[in-house]
Every structure is written in C-alpha cells, then in structure tokens.
Amino acid sequence: MPEAKKPAAKTDKAAAAPADSEGSECRDELLSESEELPDDETVPGGQSELTGLFVERPESTTVTKGKNVTFVAKVDSSDLLRKPNMKWLKGKWLDLGSKAGKHVQFKEAYDRNSKVYTYEMSIIKVVEGDAGGYRCEVTSKDKCDSCTFEVTVEAVQEEQPANILDAFKRSGIKGAKKGGDAGEDAGDLDFSALLKKREKKARDEPKEDVDVWEILKDAKPCDYEKIAFDYGITDLRGLLKRLKKMKKVEPKKSDAFLKKLEQCYSVDKGKRTQMHVELHDPNVQVKWLKNGVEIKPSAKYVFECVGNKRTLTINKSNLSDDAAYECVVGEEKSFTEVFVKEPPVTITKLLDDVHVVVGEKVEFECEVSEEGANVKWMKDGVELTKDGKYRIKKDGKKHTLVINEATIEDIGMYYVYTNGGESKGELEVEAKELEVLQSIADLSVKACEQAMFKCEVSDEKVVGKWFKDGVEVKPGNRIKMSHIGRIHKLTIDDVKPQDDGNYTFVPEGYALSLSAKLNFIEIKIEYVPRQDPPKIHLDTSSTGSKNTIVVVAGNKLRLDVEITGEPVPTVCWMKGDTVISEAEGRVRVETRTTLSSFVIEGAERTDEGQYSIIVTNPAGEDRAELTVKIVDVPNPPENVRCMGVGEDTATITWDPPKFDGGAPIKGYLMERKKQGSSRWTKLNFEVFESTTYEAKKMIEGVFYEMRVFAVNGIGISQPSGNSKPFMPIAPTSEPTRLTVEDVTDSTCALKWRPPERVGAGGVDGYIIEWCKEGEDNWVEANKEPVDKNTYRVKGLPTGEKLLFRVVAMNIAGRSPPCTMKQSVIIREIMEYPKIRLPRQLRTKFIRKVGEKINLVIPFQGKPRPVVNWLKDGEPLENKSVGIRTSDFDTILFIRSAERDHSGTYTLSVQIDNMQDKADIHIQIVDKPGPPINVMVTDVWGFNAALEWKPPKDTGNTDITGYTIQKADKKTQGWFTVYEHNRRPSCTASDLVMGNEYSFRVFSENICGLSDEVAFSKNTAIIGKTDLEYNKPAFKEKDMSSSPKFTAPLVDRVVVAGYSTAISCAVRAYPKAKIVWMKNKMIIGEDPKFLMQNNQGVLTLNIRKPGQFDGGKYSCKAINDLGEDEVECRLEVRVLKEKKEGDEEKK
C-alpha cells in the first residue's frame, strides 16, 4: 500500500495549481496517488485470468471527460469450428450491444493469415456516467472466456496562471469602477497569495512521515471525517473512492458451509467428476440442483455423506452435464459450473480413391469416432458446401460427400478434416465413350428430290457438326439440321448436282466421325428414232456383293434404275411372286419415262428378300435380280446365368443372340447391380468377345444380378433379361484341432473346432473321411453333413492304422480338409473300472418323505463296465426305484421318497475280474408321533411338574425336543410354556391361583412338530391359601442416577470388507442421550453406521469397513445429572489373497 505523499513531492502540474484553498491541493494529491497504485494491488473489477481464447485484452484506463476512448480485444480462432460471439457488458448485466449508436460504437475485423478476430469498442465524448467496471465475454460452442476492465473519468482541469506576479492584487475600491480612470496603483496591495505561498513552503519542512491511508484503512467509517480534517483532506468523495479500491472485500462467512464449491470444474467427456462441500453441522441435509432443478440419486449422480463432508459424483460425463450446479443447505447456496470438454474426434475409416466415368455419381465416405461430430470437406484448399453440385450427408458416425454428376473438372484430391485427424481420397474421372447406335448410310438421289442423312448416338446431350467434303455445312433454305434426343438429321431439299459428295457428322468433344456419300443421279435422254429392246442399267457396285443392297433397319432405301428402250418399256417390280404396286405406301414403286425407283420407307426386317425388275416393250424384254439385305442391331443375348462364385468373383455365361442383326457379332458389354437396386454398373468398356466372363471386385454375401448387351457393326442390342440373383461366396477355411476322443475295436470318436474363417455362407455341416495309412483312397464316413463338432466313425477295420480328415461344407462347396498328422490304431484300450462318487454322497444322504431323489454317479472303464445295484446286500427289485445307465454314468432316481427307501445302496462296476464298489447311505425321515403317557406328577405353590415318555415313532431320526402348552379350564386357550425342551419332563411356573390347568405336548425332529399331540391324563389345580398378607406401605425409591457404563468398549481388530460391531452397556435415569464419535468427530446419519440401544445395551454396527474406517471410537452418555464416556480402538486389516496355484513339483 503506497504511503501518502508530502506536498513537496507533488508533480509540477500540482505545484502550479491555484492557491485558493487547501482542499484543491488535497484533491490533486488524491488523484496522483490513485494513478500510482502498484500493479500487483488487487482491485475489485480487475481482469480475470485468460483461458486461452484472448490474445489481447482491454486495459483499464483513465480518460478525461469529453474525450474519446477505444478498447481493443483480440481472439484466436485457430482451434474454433465457427465464428466466436463477442459481448461487451457494463457492470454485471447491461449489454452495450443494445446501446450502439453515436455515443458507443463497435468495430470488428478478421485476419485470415493469423486467424485472429479483432473487436473494438469506442466511447465518444466520455461523460461521468461512463465510469465504472466493464466486461467483455467471448463464447464459441463449449468454450468461453471473459475479462474485465475499468474506466475512470476525470474532470477537465482549468488552466492556472503560471506568472507569480498575478498573485499580487490590489483590493478593489468602490469608486474605481464608477470613475473608470483609476490606474493600476489604485487600491491596497493584497499579499494574501504570497502569504499562502510562504505558508506552503513552511509545510514543506521535514516532519514525521505519516501513512494516512494505513490509518484510514484500519479506522471505522464513522472516524473518516475526523481523520481527514486532522490531515487536511477536504475531498471526502475522492477519499472514499480511493479506500474502496484499496480495501479487499472480505468474503462473508457462511453459517452453513465450512468450505464451499470451487468456482468451476472442468472434466473430459466420458470421465468422472466430483464436487465437495464441508458443513458446520454434520447432521444437516443438503440438496443438489442442476440448472435450478433438483437432482435425484441414480447410477449417474451419486451422493456421498462422510461426517460433515458432502460429495456429488457425476459418472460418465457428457455434454448435457455442462451446466450450473448448486448445493443448498437451508436458505444458503453454493454455486459452481461444470465444463465438459469433448475429446478430439478421430477418423476411424479413411477415404478411398474413386474412379468413375463422366456423368456418374461419386460418393466419398468416411467414419469418425463420435456420432454427430462436425467434419469439413475441402478440395484444393477450398471448403465444399452444400449446393447443387455437392451434397453432404451424415448418418451417425458415417459422413458422405456426394457429387451427383462427375465432370473432368472434378478430378483432384479431396480432404476431410476433424479436430483430431484428416483423410484424403483421389477422384479420377474418365471421359465417357460415345456409342454409335445407328450410322448414316449412303444415298443415291436424283435432281429435285430430297436427301436425308440420319444417325443415332448413345448420349442425348451430345451435339455435333455436319461437313461436306471437309467444309462445314451451314443451314439454309434447302438445308436443314435437326437434333431430337439421340437422333441427328441432315435434310437437303431439291437436290442439285453440286450437292453430290461425302457428308460427315462429327460429335463435339469426341474423336469420332460418321461418313456417308450422296450420289446425284443425272438423267440423260437420247432420242432414237428406231425401236430398241428394253435395257436395265442397274449399278450395285457400291453395295459390295453383286446385286446385293444392304440397308440399315429404319433407314430409307431408294433404288433408282435407269431403263432404256423405244418405245418406252413397261416396268414391273416383284418380290418373289408378289407384284409391288405403284400406289402410295411404305414400299412402293415410282416410275418415270426412263427411270424406275424402288422405295422402302423405314426399312424393316420383313423387307429382306429377293427382288426382281422386269421391263418389256414391243422390241423385247429385260430382267434383273437383286437381293435386299436388312441389317439391324442384334437381338439381346439369352439365358444369362451364373456358373460359379468365389469370395469376390463370379463366372457368368450366356447364349449368343438368335438374330445377329445381319452383321457379325463383335462382342458383348456386361453390367451388374445389387439385388433391389436400380443402379447398373458397367463392367467393361471394351467389347468382350467370349460368352463367358469372370466378374471381379464384388462384395461377399451380397446378391447381384447381371445383364449382357450384344454389339455388332450397326450398334448395341437391347439388354438381356436379368440373371437369377447370385451371391459371391467362398468356402470356409479348414476345420482346426482335429483330435481323437475315444477308440474301440470298430469305432473312433473324433472332435474338432470350427474353421477360423467362416464367411457369409456359414457352415452347413461337416464330412468325415478316413483312409488306411500309406493309401490315398479316402472313404466318406457320413453321407449327410453333420452339424455337431463331434462324430463317431463306425464300421472300421480292427487293428488297422487309419488316417482321418474333416471337411466343412457350405453353399460354396467343400473347404480344404483338416487331416490328422498321425495315424490311429483301431483297437480298444483297457481301462480299470473306477467310480467317481460325488462329495455329497460320501456321507449319509438325508431326504424327507415325498421329496424327489435323483443321484448321478459317474464312472470310467473300458470296455464298458457292467453296472450292478444292491440294497442292504440284496438285489434292488423295488419298482419305485429307477436305474438308468450310460457309457459313463449311472442314475438312481425316486419320484416320491418313502421311509421304506432308507438303507445302504451298493454300486459296483465290473470289467472281467476287475471291480470297484461304493456304498451310498440314504435315510428318509418323517415327522414323529406324539409323546406317550403325559402326567402331572406334582403341584406346589404356583408350579406344576410334568413327565412323559418319548414317542414310539421317531420319524426315522432323532427327537430334537418337545413343545409344552397349557390351558386353564375357564378360557380353554392354549399358551406355549416351553419350546425345544430336550428332556421328557418340565416344570410349569407362574400359574394363576385358583385355576385348573391341563397340558399337551408335541414331539419335534428335523422335519418339524408332530402332527398329533399328547394331552395330560390329569390336571393341575392351584389352590387358594388361608394366609392373609399385610402389604407394607409403599415407599417410592429415587432411581435417579448419572450415566455409568457397566460394560466398556473393547479394542478390536477386524478384516476389511466384513461387517462388524462394537458394544457397551450404560445405566442412567432419566434416560441418557447417546452420542457416538470417531476420532472425536460425531458420527451423523451416515448409512455406513447403524446405532442401536436395547435397554441400555449400546451397539454400533459398521457395514463392510475399509482401511479408512479404523481409528478411535468413543461413546458418550449424557443426562441432566452428568455424563460418562468410554472409548476403544478399532484396527482394520486387509487380508492378503492366497495364491491360487502352487509351483509344479520337479
């Protein structure tokens, strides 16, 4: 704490202050003192410690009234997934964001390189109301940070005259103002200012150094004004403000809490956290609240109470546990906050590289360690968001990036980031090959007719250009181009000789071109005045084979045949024996003077065949034969089927199409899909020539379907029918651990373990095979597969050395065999008979009448021993006793036991002359009969003596005691006198005078009391005497006494984990209050301790004590007359566990 400075130590600014009053000097002194507070001084409203988000915090400042001030805060967002939220607050609750305007302004900036957000708050023209404490808070999901700062507002200081001559003043004269001509010498000189200056210097002389602030800090508030007057301080407001900063606020002591909750707790997600409080009263009850709602005890929230300590344990913390918690004791509360930190999210399944064709769907898939975690997808340093091109899906821990239609621009490396890892996958996009479904055909047309070129490609979106002799064709009045779906057409109306040439269609973006030739037919007419026989000028050289015309199905065929002859001959076209008419139709003939045209619109397969043209005139006849061949895409392949499967492969075969379209089949294209899906995947881009194909990279255990396309020179056929669903699956691995369990003269029992790798097909069963050593002729022991892992092979040759092997079977076939390394000799091994008598049968076996008896006794021996049962040395012939015997045990069972079944049962197992025996003693017991001859033998005073004889039937067991009851003749109510009386006699006491009593007796054994009862043959009469009793005067005895322990506590040593108790006895009247203490601390209502008081016998039960329960225990008894105390020491020892096994003997 800084000391108050002397006036001589003031700054130059304070020295130049006007000497009007001494109070102004004190105010300056207070201001200078407040500005020079040390940095380590704790001031209310100071800054809180950084938690990692703030890079730069606002600083407390002092500002002059009317000036502007700006506060800057910087936040590091490198570890944040989203933009942080900043709040500026004044005091505790006032949000300055709602006050933004001309007076308070806010600014925000972001640096992408350093990832730092800069926040600024400016106060324009500060006023006195802006003074006080401020706070800025930054939050981002589960992270938060805050800091505080303070603004002090100073008043504007007026400038003071620095010239000492100004201190010399003359006293004013009333007449000076009126006359106006008074000089500067008018009036009397006033030296008061100089006198004050000198008085100030006089105070600068050394005097005793007094720390005024130490005096004020320790003084009472009512003495502040007196101390300020003594030391010349007049600015009481400044004094109080300074003291408020200097004094530390003492926390208010709690009446309920010795130790409150910490300000906050931090815990990792999934971990356990504990909150502790300590109370003044160990017996008081507490409540725990979460966000104002009371918490109930459960497996997640565990309450503990040890002495005056209360603990709340939260197991397996999650984000819902991030909340405010309270501990409530009566009217007092203790607050805290729990912050749950999420562990870093890691990538458990990395991205795979993807290879697709342009236009196909792309999916990048990964899995993370936490459900609902945030991931970030990036490509080439740019974050990918949901838009028309990209879709991002979340399904639990699975995250998927979907590209609907892949393009060449999508090629690259794709990254996925979490806050705990990253993964990358490469996308390769292959250009899609364009398939020609129908090529353009050559045309021959004559002048003024129409020519149309048509082609069909596989992609509807493909556009292209038409060229004639290498020059692009432009549309015009005669030339028209069309694009409808997959069909492209070029139509030329009114054909002219210059239209003759080669026409080519080039699809845009593909290295492909389709060409055809347009032949212009020019008709020349020569006049021959004489008659000439008709002549057919038929030219089919451009079609390949002689007189054969090939037409693509769907195209137009127009064959113009030039005819000469004079006079003009008559033309007749025929298909076989049918004449083709000249009427309008799809197949027609157009005839002119010297030209006959055969036209087929949209050629079909039925148009194929032999055609003939016959021309006649008076001069003769000519005839020509020609063949029209229609070519088309082939029919789809047939009978697609799966011939075999592997772990991830399948062999597919099919039959060629019945009709090849008139052109040789070049090959096939295959597609597959998962059953139930509509998405087909191409398996080959190049034509596959064979009719058998092996599909690879399939998923085991998933059903697939296949279809096939046939390809010829014209195009691709329609798809074949789907194959039957098939599943790629592989045989299992070989079974393991094949061992021999038992061998006889003709059988061998085998045992094995299932295969290590089973696969999706499972195991349908096992086949066991055997062969003789040195041979390779394996014989199947079972025709049908067995489900179990054990099997006894029968019918084996005796004395032979045999090898065995096991094969697992499933839908995919046989697994590799598991073969025994050593041969087995088929010969039974002799083993001595031995009875393994269970432990409970080695002593007497006791059961009650009516109970069920089922004794299982194992034995051993080879060959199978002969089992024989005897009862009391005689063969067992009782039909109510059943015997069942197997190869390795024998069972004796009785459905309802009777007393006749008691006796000694002898079991013998015998192999030839070797034998083993065991005796089993069975005793069947029942309730006993009643006692015999119950008599009252003597009566004296208020007592009666009884005697009787034991029952004849003891229930086949010993009598354990008797129960005696009495009844008087008046009420006939029976009351028990004795239970479990062992002797056949007793004395009934406390009988009532004048009553006559009868008695009855029950006998008892281990089955209980007898069903029948024996009544006494005579009665006991308690007679009245003639003596007169003079009762002495009653004198009440004073029983009051201070507590006195008649039995002290005894030191004990107990084993940890076993409940124990300590006891003592006390005598006191009136009844004493009992207090149990451990190590001088009162034991409250702790469920671990149970305190009992039974007529002065005090017991403290300790449930399952641990090491921390040891110590000094004491018991104190208190009443109004005094108190007494005893104590003992309890030692808790941990029993060391014995080792389970001993070392093997060498």
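1. Let me start with K349, which is partly exposed at a relative accessible area of 34%. In this predicted model, the K349 side chain meets that of E365 in a salt bridge, with 3.3 Å from N to O. The pair joins distant parts of the chain, as K349 sits in strand β21 and E365 in strand β23 (residues 362–368), 16 residues apart. E365 is partly exposed too, with a relative accessible area of 27%.

2. A second salt bridge to look at is the one between D887 and R864, at 3.1 Å from N to O. Here the partners are 23 residues apart: D887 is in the loop between β68 (881–885) and β69 (889–894), and R864 is in the loop between β65 (853–862) and β66 (866–871). D887 counts as exposed at 52% relative accessibility, while R864 is partly exposed at 48%.

3. For context, the whole structure holds 46 salt bridges.

4. What does the side chain of K673 reach? Its contact is the backbone oxygen of S677, at 2.9 Å. K673 belongs to strand β50 (residues 665–674) and is buried, with a relative accessible area of 9%.

5. Two surface patches deserve a glance. D352, D353, E426 and E428 form a negative one; D352 lies in the loop between β21 (347–349) and β22 (354–357) and is exposed at 52%. V1055, Y1058 and L1135 make up a nonpolar patch with about 330 Å² of accessible area together. Within it, Y1058 is exposed at 55%.

Terms used. Residues are numbered from 1 along each chain as its sequence is written. This is a predicted model: local features need pLDDT of at least 70, side-chain atom pairs count only at pLDDT 80 or more; totals for chains, interfaces and linings use all residues. Side-chain values use heavy atoms; hydrogens and water are left out. Patches are made of residues with over 30% relative accessible area and no salt bridge: like charges are joined within 9 Å, nonpolar side chains (Val, Leu, Ile, Met, Phe, Trp, Tyr) within 5 Å. Accessible areas come from the Shrake-Rupley method with a 1.4 Å probe; for residues, only the protein chains shown count as cover. A salt bridge is a side-chain nitrogen of Lys or Arg within 4 Å of a carboxyl oxygen of Asp or Glu. Lys and Arg count as positive and Asp and Glu as negative; His and the chain ends are not counted. The place of a charge is taken as NZ of Lys, CZ of Arg, CG of Asp or CD of Glu. Helices (H or I, at least four residues) and strands (E, at least two) are DSSP runs, numbered from the N terminus. Buried means under 20% relative accessible area, exposed over 50%, partly exposed in between (1.4 Å probe, protein chains only). A polar contact is a pair of N or O atoms within 3.5 Å; within protein, one must be able to donate a hydrogen and the other to accept it, and residues adjacent in sequence count only if both atoms are side-chain atoms.
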